[in-house]
Amino acid sequence: MMIGCVAFELPFQLIEFHNTLGNFPDMMSKIIAVLLGLCYYKAKSQITKFSILTILLGSFGWFPYRGYDLWFHKLSFGTFTGITKQTVKAPMKFEDREHKIIESDQFAGKFVVLDFWYSSCASCFMQFPEVQKTYEKYKENPDVEIYSIFCRMTNRLGETVETGFSLLEKAGFTFPTLSIDIEDPDFMEMGIYSFPTVIIFAPSGNIIFRGNIKNAQKYLSKLIAVPMN
């Protein structure tokens with residue numbers, strides 16, 4: 001069993017390291033299961049066997065759910081929980097529907113939640129109801145600003161600022177929206193490598209969270225002491 005887990009899978013994992021990182025927890029769970037099974041077989045004490053069995057069942061209950069969520073969050077956003085610390089060297093610049101430039105330092109003193117998405121991202125649209133929910137909860141709070149950021153592909157697809165607003169209006173969403181070109185240096189500075197990505201700016205103007213909307217909701221709730229429903 002160990003040969004099957006390691007000898008056949010490990011070489012492929014090493015050769016295609018970056019492409020198979022998503023399957024790493026699966027391989028590790030198999031190895032752990034085999035090792036724990038061996039320990040159970042060798043154990044003489046019933047207490048030891050019971051302890052091993054508890055660990056085995058607990059591992060298989062944790063890996064497929066919380067374990068995979070943490071791992072994929074790490075691969076997508078660089079952290080397991082989303083909490084980070086990144087100093088912003090210069091104000092980020094976005095455009096509103098009237099093509100007015102909105103700089104991030106205009107929100108100084110507030111927590112700013114930005115949801116980055118692009119037009120053909122199905123996952124982005126799937127999480128919009130949660131973005132809407134978050135906006136509705138905090139829209140009256142003067143210490144919080146929430147925006148979706150439409151990352152338009154101007155050169156590749158000929159998209160404009162209006163493209164993003166139109167898509168959201170047709171889908172029935174009402175949260176505030178700004179836009180940025182996906183090739184803009186400011187966009188590159190934020191280090192967004194997967195979509196959707198939610199970023200939270202602290203009142204100081206530095207980035208303190210990078211991850212998905214669910215973790216952003218939990219973290220924002222702790223920051224401003226307002227529990228999410």
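Student: At the start of H9, which backbone nitrogen does a side-chain oxygen of Asn-212 reach?

Tutor: Keep in mind that this is a predicted model. Look for N and O atoms within 3.5 Å of each other. Here the Asn-212 oxygen comes to within 3.4 Å of the backbone nitrogen of Lys-214.

Student: Okay, and which residues in H9 are buried?

Tutor: Buried means under 20% relative accessible area. In H9 that covers Ile-213, Asn-215, Ala-216, Gln-217, Tyr-219, Leu-220, Ser-221 and Ile-224.

Student: Where does H5 bend?

Tutor: Compare the axes fitted on either side of a residue. In H5 the bend is about 35° at Phe-128, with Pro-129 following within four residues.

Student: What do the buried residues of H5 pack against?

Tutor: Their partners are strands E4 (111–117), E5 (144–152) and E7 (197–201), plus helices H7 (161–171) and H9. Among the buried H5 residues are Cys-124, Phe-128 and Tyr-135.

Student: Which cysteine is joined to Cys-124?

Tutor: Check for sulfur atoms within 2.5 Å. Cys-121 is the partner, with S to S at 2.3 Å, and both cysteines are buried.

Student: Why is that disulfide called right-handed?

Tutor: Because the torsion about its S-S bond is about 80°. Cys-151, by contrast, is in no disulfide; its nearest cysteine sulfur, that of Cys-124, is 8.2 Å away.

Student: Is Cys-151 buried or exposed?

Tutor: Buried, since its relative accessible area is 0%. Cys-39, at 41%, counts as partly exposed.

Methods
Residues are numbered from 1 along each chain as its sequence is written. This is a predicted model: local features need pLDDT of at least 70, side-chain atom pairs count only at pLDDT 80 or more; totals for chains, interfaces and linings use all residues. Side-chain values use heavy atoms; hydrogens and water are left out. Buried means under 20% relative accessible area, exposed over 50%, partly exposed in between (1.4 Å probe, protein chains only). Helices (H or I, at least four residues) and strands (E, at least two) are DSSP runs, numbered from the N terminus. A polar contact is a pair of N or O atoms within 3.5 Å; within protein, one must be able to donate a hydrogen and the other to accept it, and residues adjacent in sequence count only if both atoms are side-chain atoms. The bend at a residue is the angle between axes fitted to the seven residues ending there and the seven starting there. Contact means heavy atoms within 4.5 Å.
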